[in-house]
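Here are my notes on this model. Please read them with the structure open.

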Amino acid sequence: MTLMTIGELFLESLNSGVITEGDVNWLAHHQDDFSRAEVATAIRLGRLMDEGEVNLGCHLPVAAAA
């Protein structure tokens, strides 16, 4: 995954319902650098994972149109 902002990660995870292990590792590794708003976003993402709205998994490649 190309690293993105936590806001982009949040929206992508919310849209797809999936967060990768690499994404979670990136969040954990960079949490000390987050602003208050970014911390709130990370906490919200964690709650969505706890609630089962976002699941740990992988993104499957989109099949090319024939």
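Which residues make up the largest nonpolar core? The points below start there. Keep in mind that this is a predicted model.

1. The core. The largest nonpolar core has eleven residues. They are M4, I6, L9, F10, I19, W26, L27, F34, L45, L48 and V54. Nonpolar side chains tend to be buried together in soluble globular proteins.

2. Who supplies the core. Helix 1 (6-16), helix 2 (21-30) and helix 3 (36-50) each give at least two residues to this core. Helix 1 has the largest share, with three residues.

3. The fold order. The protein chain has three helices and two strands. Along the sequence they run α-β-α-α-β.

4. The aromatic pair. The structure holds one such pair. W26 and F34 form it, and the pair is tilted. The centres are 6.0 Å apart, with 45° between the planes. The tilted label applies because planes under 30 degrees apart would count as stacked and over 60 as edge-to-face. W26 and F34 are both buried, and both belong to the largest nonpolar core.

5. Around L48. Leaving aside residues up to four places away in sequence, L48 touches F10, L14, E53 and V54. Of these, F10 and V54 are listed with L48 in the largest nonpolar core.

6. The protein chain has 66 residues, and 24% of them count as buried. Its accessible surface comes to about 4,800 Å². Carbon and sulfur atoms account for 55% of that surface. Among contacts between residues at least 6 apart in sequence, 65% join residues at least 24 apart.

Technical notes. Residues are numbered from 1 along each chain as its sequence is written. This is a predicted model: local features need pLDDT of at least 70, side-chain atom pairs count only at pLDDT 80 or more; totals for chains, interfaces and linings use all residues. Side-chain values use heavy atoms; hydrogens and water are left out. Helices (H or I, at least four residues) and strands (E, at least two) are DSSP runs, numbered from the N terminus. Buried means under 20% relative accessible area, exposed over 50%, partly exposed in between (1.4 Å probe, protein chains only). Contact means heavy atoms within 4.5 Å. Accessible areas come from the Shrake-Rupley method with a 1.4 Å probe; for residues, only the protein chains shown count as cover. Rings of Phe, Tyr and Trp (its six-membered ring) pair if their centres lie within 6.5 Å; planes under 30 degrees apart count as stacked, over 60 as edge-to-face and the rest as tilted. A nonpolar core is a set of buried Ala, Val, Leu, Ile, Met, Phe, Trp, Tyr and Cys residues joined through side-chain atoms within 4.5 Å.
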